2 protein chains.
Amino acid sequence: MGLIANRLLCISCLLSVVVCSSGGKILVFPEDGSHWVNMQVILRELHTRGHNLTVIRSSRSFYIQGSSPLYTVITVNITQTEAVDAGIFGTLLQRSIALRKMMPIVRFFEQQKDVKKMLQIFHNGALSLISAILDDSFLTRQLQDTKFELMLVDPAFPAGVLLAHYLQLPMVYNVRWLNAGEAHMAIAPSPPSFVPMYNSLFSDRMDFLQRAENSLRYLFSRLQEHFIILPIYDKLLKTHFPPGSDLLTMQRTADIWLMRIDFVFDFPRPSMPNFVYIGGFQCRQAQAISAELEDFVQSSGEHGVVVMSFGVMVTALPKEITEAIASAFARLPQKVIWRYMGERPSSLGNNTLLLDWLPQNDLLGHPKTRAFVSHGGTNGIYEAIYHGVPVLLLPLLFDQFDNAIRLEVRGAARVLEVSTLTSNDFLEGIEDVIKNPSYRSSIQKLSQLHHDRPISPLKSTVFWIEYVLRNKGAQHLQSPANSLPWYTYHCLDVLSFLLVFILVALWVLVTLCRLLCCRPKRKQKAD
Amino acid sequence: MGLIANRLLCISCLLSVVVCSSGGKILVFPEDGSHWVNMQVILRELHTRGHNLTVIRSSRSFYIQGSSPLYTVITVNITQTEAVDAGIFGTLLQRSIALRKMMPIVRFFEQQKDVKKMLQIFHNGALSLISAILDDSFLTRQLQDTKFELMLVDPAFPAGVLLAHYLQLPMVYNVRWLNAGEAHMAIAPSPPSFVPMYNSLFSDRMDFLQRAENSLRYLFSRLQEHFIILPIYDKLLKTHFPPGSDLLTMQRTADIWLMRIDFVFDFPRPSMPNFVYIGGFQCRQAQAISAELEDFVQSSGEHGVVVMSFGVMVTALPKEITEAIASAFARLPQKVIWRYMGERPSSLGNNTLLLDWLPQNDLLGHPKTRAFVSHGGTNGIYEAIYHGVPVLLLPLLFDQFDNAIRLEVRGAARVLEVSTLTSNDFLEGIEDVIKNPSYRSSIQKLSQLHHDRPISPLKSTVFWIEYVLRNKGAQHLQSPANSLPWYTYHCLDVLSFLLVFILVALWVLVTLCRLLCCRPKRKQKAD
């Protein structure tokens, strides 16, 4: 019954797409959580420009809405238990905090086990979703018949990539992560001598031992890809794709990679010609906040306000950490606006306002805002850079530790260790960020550079999506390197050949020398 | 006396720079010949935007004018015989044609000798120029006192780069070539598995043997750099720069690299975040040509015209080639406009107009133009792409052979071998380009893609020059990789360390096994 209802929904969705005629027909395959926050920004812009948008989501999605006036939604029914839901982030957070208290060497091995488990959970979730789509011949036929012109994909996990190849559509990525690491790793040369690996906590200036560890991390990530991730999709590839289809090659052949990166924030590193850097595209000028909130902000007087948010995935922190933060806030002369959905801390001061949701961009752009307390999610960091607000970072999960390093080495943020956080640590940290002018001047320099570009990142985003629509792809920007095996790409076949050639030549030379040198000796002896 | 006059000229130049106050103070260090053609386009634009421009040229320059209403010129007196003059191109052309007639293996070794000689000639020329500047303490002090804000440099040879470092100025490159190869090679990862080397005549799709040859060419080019080019500047570096100064590091640390490349024409390959691709920035919409020329063009009727030019460096071709081309032209129904300064060919037809100079861009943009016959210089190729005119290529020197491959594999040009050219070959070639619609449709597809960009390449050029002026550099876009030694960059130190570690571990393991395995055996025997 649910399946029939789902199919009827799909038909009505697809019909509505066919009916609209202006703009391009774009099939959107987003990822959940904070990834969806910024995908929506692009969708709003594309809708304004008259494109027909269809979004595919899983019925187990915890953040992508099931309907919208801006786009048609196809909800794919997922019944398997492998689906990822919001609950996982709470568990991961507890584990992350526990890990941070361990000895470094123990932590490293525990982390590796965790990474394996996490990759399996997320990739099995992606497999359930793409399997549910491809196994449903009615849905796939309808998708084919709709004649989409382009697929806009967040390729963090490969379900969208596989669907784009199945439907043989040009593909634009809205991307930061792919498989098990930063998206550049999939296609741009990434020498471990100056490209820090995901979760290495290194900057791009490494000493010898750091470079050695970074190289090993690079090797591990490739092994994870080959031995953990790829096997998950083996059966699906054999069932639904031509023989010899290879997931890594499919992932590399997107027409345009809209990278959610700006080198004002990230470390400069090798790039490819079909990469377009759109970091900060989700930011916009601050709008007026509600009268109530404005009153609260104005009541801070000359001291101003501190804004704190830990993003959409982490709704609550462990009690002892919350109490430490709340009691430190209570000792500040500033007012505090804190996005928090957990139990109300007992030590909360009168100067602190707890909210379920806050207009983060507008508050960061408010002239009274003195500092931003964040977990180090990418969206929040770009908003802080856009508005030039210094940051106190308490990284918790995923890439947040790497993000923290990037802002810290530029002098624009102070980073605190959350697992051992005390009220005094937090108070000292937040006072430092508010009072020490170097944080503000550093992030304002970054802000100035971030704004100084020929066209805005959002305009650039839309331009390149429409470019692929107009030109039916961007084949000429794709290097044949995308389909080279790794040993060919790194010239290992040529090097082996040359090495064998040199060894044989040396052997021949040595043998000849021996023959020539030994004979006269024998002769001499004979003489 | 000449020296005093030169100094007085310098003083007046510099004073005039100091007097002007609007815009930025930019010191320009161009290269000669066709490089100067496109540098001028940028200077005109910068002048229009109110910047103060000072151009440094050698007194032996054969193409950079000694004065201009748009910019101040400093002419540096060069008396050494090493200076490069225009005559060299005639000699090089004769040699190139002779080489093309040799057996491939003989040609390869002859070419290597030529490359060495040519590098020495050009780099000694650059050394004379920068030595003349740095040895003149009066001139250098004046340059320092003028407080330039930026140096705009064509870094094909390193005189400008050295001066920028001497004056400690932010540096923007207008660049395609550097030292002995394509400019990317100096800083962007360039795996020889898919990045064809200069003069290899390979595309980016190579078979195993081509990749092996390409890898060897890569190795040779690095060796040339270390053993031919770098020693030329050793003494100068010791005299005028702090100890430990390294030319390659200096070359890599330009703030912005304005690359005269568009991937519509060139093969996609790894890039760096401070590379801005401006290929085709010199092209512009066609203007009306002179009435006389227009009459000639219109007289071609429906057949249209063929435009031929071999650029600014090659003024004349060997007689037998000129005659072959002229007699083939005479057999065409089209009219021909040929830029040619040599002896008038005896077989020239009535349909062919010889000119000392022609408005190439405007003729290529004329609706009557059916084909362009070119040597494959970059400027001409971009104009052909801009206006969508199919090309017949007769590459003669330098990068022209590589340019030809790029246009040929895209189906937008036919390439002929000039050393063995007959009249019939040429006629068949030009008729093919005019009559076969695939050349026109291919280059028009390239043209459409070339025009489809968020901002024009010339606007982009000016934006990034002014960006460096505004921000006093673009340090944040520079990777620390720029100053890593090559073995560290390629992780060879880490790999060696890990290899030794593994070997020692294996040795320990084997030794332990032997000890453990041997003892029981003895015991057994004893039993």
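**Figure 1. Welcome to the surroundings of A:Phe29.** Setting aside residues up to four places away in sequence, A:Phe29 touches A:Met39, A:Ile56, A:Leu129, A:Ile133, A:Met151, A:Leu152, A:Val153, A:Asp154, A:Ala159, A:Gly160 and A:Leu163; contact here means heavy atoms within 4.5 Å. The residue belongs to strand β1 of chain A, residues 25-29. Helices (H or I, at least four residues) and strands (E, at least two) are DSSP runs, numbered from the N terminus. Is A:Phe29 buried or exposed? A:Phe29 counts as buried because its relative accessibility is 1%; buried means under 20% relative accessible area, exposed over 50%, and partly exposed in between, with a 1.4 Å probe and protein chains only. A:Lys335 is 306 residues from A:Phe29 along the chain, and their C-alpha atoms are separated by 40 Å.

A note for all the views: this is a predicted model, in which local features need pLDDT of at least 70 and side-chain atom pairs count only at pLDDT 80 or more, while totals for chains, interfaces and linings use all residues. Residues are numbered from 1 along each chain as its sequence is written, chains are lettered from A and ligands numbered from 1 in the order in which they are written, and side-chain values use heavy atoms, with hydrogens and water left out.

**Figure 2. Here is chain A as a whole.** Chain A has 18 helices and 15 strands, and its C-alpha atoms fill a box of roughly 110 × 60 × 45 Å along the principal axes. Of its 527 residues, 58% count as buried. Looking at contacts between residues at least 6 apart in sequence, 66% join residues at least 24 apart. The accessible surface of chain A is about 22,800 Å², with 59% belonging to carbon and sulfur atoms; accessible areas come from the Shrake-Rupley method with a 1.4 Å probe, and for residues only the protein chains shown count as cover.

**Figure 3. How confident is the predictor, and where should you take care?** The average pLDDT of chain A is 90, and 92% of the residues score at least 70; pLDDT is the predictor's confidence in each residue, from 0 to 100. Over residues 1-21 of chain A the pLDDT is below 50, and this stretch has 28 contacts in the model beyond near neighbours in sequence. Where pLDDT is low, the predicted coordinates should not be read in detail. The model scores ipTM 0.90 and pTM 0.91.

**Figure 4. Chain B meets chain A.** How many residues does each chain bring to the contact? Chain B and chain A each contribute 46 residues. The area buried between the two chains is about 4,000 Å², and carbon and sulfur atoms give 71% of this area. Buried area is the accessible area (1.4 Å probe) that two parts lose on being put together, summed over both. On the chain B side, B:Asp452, B:His476 and B:Pro480 supply 14% of the area that chain B buries against chain A, more than any other three residues.

Figure 5. B:Gly380 sits in helix α12, residues 378-387, and counts as buried because its relative accessible area is 8%. Leaving aside neighbours within four places in sequence, B:Gly380 is in contact with B:Gln360, B:Leu364 and B:Phe372. B:Arg95 is found in helix α3, residues 87-100, and is partly exposed at 28% relative accessibility. With neighbours within four places in sequence left aside, B:Arg95 is in contact with B:Met102, B:Glu110 and B:Asp114.

**Figure 6. Residues with positive phi.** A:Phe398, in the loop between β14 (391-393) and α13 (400-409) of chain A, has phi near 50°, a positive value in a residue other than glycine. In chain B, B:Cys491 lies in the loop between α17 (486-489) and α18 (492-526); phi of B:Cys491 is near 60°, and B:Cys491 is buried, with a relative accessible area of 9%. A:Lys147, which follows α5 of chain A, has a positive phi near 55°. Within helix α5 (residues 137-145), A:Phe138, A:Leu139, A:Thr140 and A:Leu143 are buried.

Figure 7. A:Lys459 is found in helix α16 of chain A, residues 457-471, and counts as exposed because its relative accessible area is 60%. Along the chain, A:Lys459 and A:Glu45 are 414 residues apart, yet their C-alpha atoms are separated by 9.0 Å.
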